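Student: I'd like to learn how to read strands and their neighbours. Could you take me through an example?

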Amino acid sequence: PKPDDVEVYINNEKTKLERQENGFRITNLLPDEYLVRIEKEGYISWQKTLLIESQQTTFINDVLLFKIPHPLQILSGEIIFGDQHEDKTLAIKKSSDGDILYLLHTDTAELTTLFPLSQQNQNEYNGTTINSVEWSANGEKILIEASQKNFLVLDIRNPFRILALADFVETNPNNLHWSSFGDHLLYSLNNNILSHINLNNKTSAQVALLSVEENDRILEPFSLTGTTLHYFRQTPTHIQLESVDIGQQTLQAKNLLLLNKDAELDFIESNAALPHFIDQKNEKIYIFNPQDFTKVTELNAQHATLSNSGASWLYNNNFELWAWSWEKNQTKLINRYSQPITESVWHPLNGYVVYAHPTSLHLIEIDTRDILNDYLLANGESLSGIQINSQGTRLFYISQQAAPEVGGGLFTL
């Protein structure tokens, strides 16, 4: 709500407000502590005890009032979220009769069926299991990894036409990702061979051959930004993160970081073109400094997301929520809980965090003056897949069961 729409109470008494541009001002308060409450009908109240000091101005900035939550189920069944591009999210409905891929518009909560469709030779794709999906860089094509490493490409501008890579690629790659240059190139890293697939002329070709010692091997995860390839090399004693510029005629690999040989590694997708990655076994996340690539910050965490501004990371371990700032290079404890935290994401305005326990979904502010406002948004079972649209007005999540009378599925509020 806008400032004109709210009521403000000081020590439980409604207060006359001096309206100003984008806000209001309260004057003539003596130095003391005051309970400030902001209300609007249909919204959760915001309140905090604040100190007013002599000849000082106390500011309350960027307060958001959130609607009293009424979760709405928009898709039933076993749902898995896929890749997200701006305000478009891919959702997979799992079924023994074959999986269904939906396009979720997070600004409107509208769902569109993408696969399989009757015009896509549906009989050929009935019963297909979808393992993963990935948007192209421009958000117009989708790479579908289906049963038995069969890769399909779907163009959302013409979803009735499916391109099966097996029709023109002799051997299916083990892993495949879009190029950052557009929607016509895919890259795969199999063993030490980097190849690309050109969808325009339906050809595949070797791009680079990485040097490998006799007892070494290249692990599956890789990250390719422009011509810079990042990958993991496993040796008998350790794993090392390496990079190479595949645009150079002679490949010169750089060793960036040594890791334990038992690490289970994967790259983290973020809006920064850096090879941040997670060690899932040891619950560590490694963050690269964008100004000085030799500096790496190690976070003890199970999950991490970068803010929209790129200024700070939100991360959680079992029982704690933390934020880490690029510029200050310091961590800040947001809150500690008695129940496990399964997931956490920034609200787009960054002053709030949405997080999940196994059976409940919450929103918490990070203004540490007085107690933190921590709101219950929803109850359910095995809550996961928190997504928020870019305006911060709609939230989506997956629950196995929302209530005894409501089964599992995809919900919005």
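Predicted model: local features only at pLDDT ≥ 70, side-chain atom pairs only at ≥ 80, totals over all residues.

Student: In S5, what is the bridge partner of glutamate 7?

Tutor: Residues are numbered from 1 along each chain as its sequence is written, and side-chain values use heavy atoms, leaving out hydrogens and water. Strands of a sheet pair through backbone hydrogen bonds, either parallel or antiparallel. Strands are DSSP runs (E, at least two residues), numbered from the N terminus, and two of them pair if DSSP finds at least two bridges between them. Here, the partner of glutamate 7 in S5 is glutamate 39. Strand S1 (residues 7-10) and strand S5 (residues 32-39) are antiparallel, with four bridges.

Student: How many residues lie between S1 and S2 in their hairpin?

Tutor: Two residues lie there, and asparagine 11 in the turn has a positive phi of about 50°. S1 and S2 (residues 13-14) pair in the antiparallel sense over two bridges.

Student: Is threonine 89 buried or exposed?

Tutor: Buried means under 20% relative accessible area, exposed over 50%, and partly exposed in between (1.4 Å probe, protein chains only). Threonine 89 has a relative accessible area of 0%, so this residue is buried. Threonine 89 belongs to strand S9 (residues 88-94).

Student: In which order do the strands of the open sheet come?

Tutor: The order of the four strands is S8-S9-S10-S11, with antiparallel pairing. Strand S8 (78-85) and strand S11 (110-115) are the edges, each pairing on one side only.
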